[in-house]
Amino acid sequence: MLIYNVFGRYLGVKQTPEGWQVFRADMSERKFSRLHDIIIPDDLTEDEISGWLGDIFHESASEKHPDVTRVE
């Protein structure tokens, strides 16, 4: 699973035969909960995901958390 820090919120992204799936990630307990309302287009590559997440969550950016970064 790919893990991203999306403006201070951790999200996991996993590629499956059905397409990309997004999860809320609790990094302290390593637990993941599926988020069905966040859609990543199937044709996006792994390298394009952080940009996509930045585009859809840009309103969450702050001085403390200005970027989307891949953690794992």
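Two strands are taken to pair if DSSP finds at least two bridges between them. Strands (E, at least two residues) and helices (H or I, at least four) are DSSP runs, numbered from the N terminus. The structure is a predicted model, in which local features need pLDDT of at least 70 and side-chain atom pairs count only at pLDDT 80 or more, whereas totals for chains, interfaces and linings use all residues. Residues are numbered from 1 along each chain as its sequence is written, and side-chain values use heavy atoms, with hydrogens and water left out.

The model contains an open sheet of five strands in the order β4-β3-β2-β1-β5, with antiparallel pairing. Its edge strands, β4 (31-35) and β5 (68-70), each pair on one side only. From one strand to the next, the twist averages 35 degrees; angles run from 0 to 180 degrees between N-to-C directions, and axes are lines fitted to C-alpha atoms, for helices over the stretch in contact.

Strand β2 (residues 9-16) pairs with β1 in the antiparallel sense over five bridges. Within this pairing, Tyr4 has Leu11 of β2 as its bridge partner, and Val6 stands opposite Arg9 in β2. The hairpin of β1 and β2 has two residues between the strands, and Phe7 takes a positive phi near 55 degrees there. The antiparallel pairing of β2 with β3 extends over six bridges, and Gln15 stands opposite Trp20 in β3. These two strands also form a hairpin, with two residues between them.

Helix α1 (residues 49-57) lies across β1, β2, β3 (19-26) and β5, and runs at about 35 degrees to β1. In a regular strand the side chains alternate between the two faces of the sheet.

Asn5 is located in strand β1 (residues 2-6). Its relative accessible area is 15%, so Asn5 is buried (under 20% relative accessible area; exposed is over 50% and partly exposed in between, with a 1.4 Å probe and protein chains only). The side chain of Asn5 reaches the backbone nitrogen of Gly8 at 2.7 Å. Apart from neighbours within four places in sequence, Asn5 is in contact (heavy atoms within 4.5 Å) with Tyr10, Asp67, Val68, Thr69 and Val71.

How values were computed: Polar contact = N/O pair within 3.5 Å; in protein donor to acceptor, adjacent residues only side chain to side chain.
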